[in-house]
Amino acid sequence: MTTHAHRMPFGATVQAQGVDFALWAPSVETVLLEHGAAGSQPMERDAHGWHRLTVSQAGQGDSYAFRLPDGTRVPDPASRYNPEDVHGPSRVVDPQSFAWTDDAWRGRPWEEAVVYELHLGTFTDEGTFEAARQRLEELAELGITAVELMPLADFPGRRNWGYDGVLPFAPDASYGTPDELKALVDTAHSLGLMVLVDVVYNHFGPEGNYLHAYCPEFFNGEHQTPWGPAINFDGPGSRTVRDFFIHNACYWIEEFRFDGLRMDAIHAIHDETRPHIVQEIRQALDEGPARERHVHLVLENDANQASMLMRDGRGIPVAGTAQWNDDLHHAVHVFATGERDGYYTDYAADPVASFACALAEGFIYQGQPSAFRHGERRGEPSTRLPPQAFVSFLQTHDQVGNRAFGERIHALGDPVLVRAAMACLLLSPHVPMFFMGDEFAASTPFLYFCDFGPELATAVSEGRRSEFGGFAAFADEAARARIPDPNAESTFLASKLRWRERGTRAHFERLCEVRQLLEVRHRLIVPRLAGMTAAGVYRSDNGTLQVSWDLGTSGRLHMLAHFGEQPAASRAVPPGALVHGEGAAIQEGALQLERGAVYVTLEDPPGVG
């Protein structure tokens with residue numbers, strides 16, 4: 001058994017004797033440390049705005065806070081644990097106190113990833129790290145190889161999606177203790193599961209962020225965002241700010257042994273320096289924990305910047321290992337549900353052809369003008385990227401939860417087409433991702449929920465309802481009033497998975513289908529993916545798509561699928577051995593495709609077989 005700790009200049013650091021406390025607050029001359037045993041003591045300020053104090057009688061489990069010149073008491077922005085929520089005192093954590101059992105763990109190559117995104121608070125009835133830990137074995141048995149946790153950074157109140165975090169180093173106490181989170185990761189590794197965590201480096205939440213009061217240098221007013229002044233990644237004083245987030249990234253990987261990060265909305269990060277903060281984080285990971293094990297960096301980037309996903313001459317990512325592929329989701333959503341409002345407009349012309357393009361090339365928008373964005377060009381060419389650079393899905397927390405009633409695609413779409421799209425995704429070379437409950441077609445919605453103070457709560461509830469006012473279904477006030485209140489506990493409770501559904505007939509059938517597809521993927525397709533270096537080729541006509549991928553020295557993968565209203569006849573049979581054939585029959589040397597048919601083959605390289 002071993003211990004792991006990340007050393008950093010921020011926060012509270014346990015020493016052999018006592019604790020070192022450090023706060024960067026260049027805009028204030030004096031800061032008092034409040035600590036139970038030591039009382040209130042002035043910290044020593046240096047010329048760079050660091051306030052430091054060592055308390056010899058301090059130790060693990062002690063509460064502490066910082067008092068500003070105006071009397072405001074604030075938590076440590078680098079707090080490792082804040083059990084009394086974001087306005088309360090921080091607590092000293094000694095990371096060396098947790099004994100890990102995963103010494104042999106070296107992670108997994110990215111091409112083996114099958115990702116399962118989950119929200120800790122709604123994944124189980126209890127909504128805790130411990131309860132989630134007890135469900136991991138079921139995910140591993142299903143064929144999941146990577147669990148992705150929605151953001152854990154301490155947020156205001158008892159429930160939140162996690163994107164309103166204000167203490168980036170403190171796992172939210174509503175889920176449990178830091179040691180309980182470490183136990184979850186340790187158990188996952190024993191089951192062969194990678195664990196990724198979602199981090200938000202583009203803004204702080206609207207409640208509980210005290211940095212403006214004593215460290216305005218953390219923000220750059222020259223860049224404005226929907227959340228106010230941008231985090232200062234490129235203005236005066238930005239070196240320390242950049243270091244704060246670089247340390248945060250390394251902290252999750254080193255101290256909690258996560259296998260990677262999912263970086264939220266990097267298109268909303270304002271950084272005009274070179275290297276970009278995402279690349280600097282990648283460099284720090286590569287020079288640190290990634291020297292000993294696989295560490296992955298997954299991006300969310302609405303700008304479709306293929307340049308952020310490029311590989312070097314050795315095939316190593318220069319920044320992101322992969323990116324969430326919203327394009328693929330949007331195309332599937334259009335042909336499965338018929339919805340064409342909002343951003344779905346950009347995929348409405350021929351959604352099956354768009355799906356084929358996404359399967360082959362990753363991005364659909366690779367520099368073309370977007371009608372939804374009033375002609376603005378979006379994206380960069382992605383054909384030089386391997387398919388594993390794309391995390392693709394039929395739904396995510398965003399695509400479900402941003403709907404007024406949180407409906408999942410299997411509740412909205414044509415079941416035949418949704419089923420076929422799922423097979424295409426799971427048998428493609430992309431990295432597939434499930435949102436929790438997808439695997440058994442969960443009946444529960446995933447709604448937007450939060451737990452803000454009264455004034456902010458009212459504004460959020462009214463804003464949530466007004467944002468849907470432009471949709472025909474919510475044109476009148478009575479219709480908008482039916483939208484669940486984000487701050488109501490009932491909204492949160494309605495979003496919890498019902499695990500007992502897995503055993504009922506319809507849900508169990510879906511679960512078995514997913515398990516069979518993943519078994520085929522892991523046994524036949526994944527072993528051939530490591531040599532892939534570029535995109536596939538595709539064609540689409542009359543609702544039928546054909547995609548082929550070059551697997552390098554491992555041959556070729558062929559996929560034929562039909563999403564048209566009527567059966568398709570006389571299609572040439574793809575070469576190679578059959579991997580999966582559903583809704584397809586060979587008659588007189590040609591394939592006859594039913595609606596929702598999926599036919600996949602693996603072709604050996606020349607001279608093999």
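User: Quick one to start: is His374 buried or exposed?
Analyst: Exposed, with a relative accessible area of 77% in this predicted model.

User: And where is that residue, His374?
Analyst: His374 is in the loop between strand 20 (369-370) and strand 21 (376-377). Its phi is positive, about 60 degrees, although His374 is not a glycine.

User: Which loop holds Ala265?
Analyst: The one between strand 17 and helix 7. Pro275 lies in that loop too, and the peptide bond from Arg274 to Pro275 is cis, with omega near 5 degrees.

User: Switching topic: where does Asn160 sit?
Analyst: In the loop between strand 12 (153-154) and strand 13 (167-171). Asn160 is buried because its relative accessible area is 0%, under the 20% cut-off.

User: What does the side chain of Asn160 reach?
Analyst: The backbone nitrogen of Gly162, at 2.8 Å. There's also a polar contact of 3.1 Å between the side chains of Asn160 and Asp164. Leaving aside neighbours within four places in sequence, Asn160 contacts residues including His119, Tyr175 and Cys450.

User: Now helix 16: how far apart are its end C-alpha atoms?
Analyst: They're 29 Å apart, which agrees with the 30 Å that its 21 residues (505-525) should span at 1.5 Å a residue.

User: What do the buried residues of helix 16 pack against?
Analyst: Among them are helix 3 (136-142), helix 12 (415-426) and strand 28 (577-587). The buried residues include Arg510, Glu513 and Leu517.

Definitions and conventions:
Residues are numbered from 1 along each chain as its sequence is written. This is a predicted model: local features need pLDDT of at least 70, side-chain atom pairs count only at pLDDT 80 or more; totals for chains, interfaces and linings use all residues. Side-chain values use heavy atoms; hydrogens and water are left out. Helices (H or I, at least four residues) and strands (E, at least two) are DSSP runs, numbered from the N terminus. Buried means under 20% relative accessible area, exposed over 50%, partly exposed in between (1.4 Å probe, protein chains only). A polar contact is a pair of N or O atoms within 3.5 Å; within protein, one must be able to donate a hydrogen and the other to accept it, and residues adjacent in sequence count only if both atoms are side-chain atoms. Contact means heavy atoms within 4.5 Å. The expected span of a helix is 1.5 Å times one less than its number of residues.
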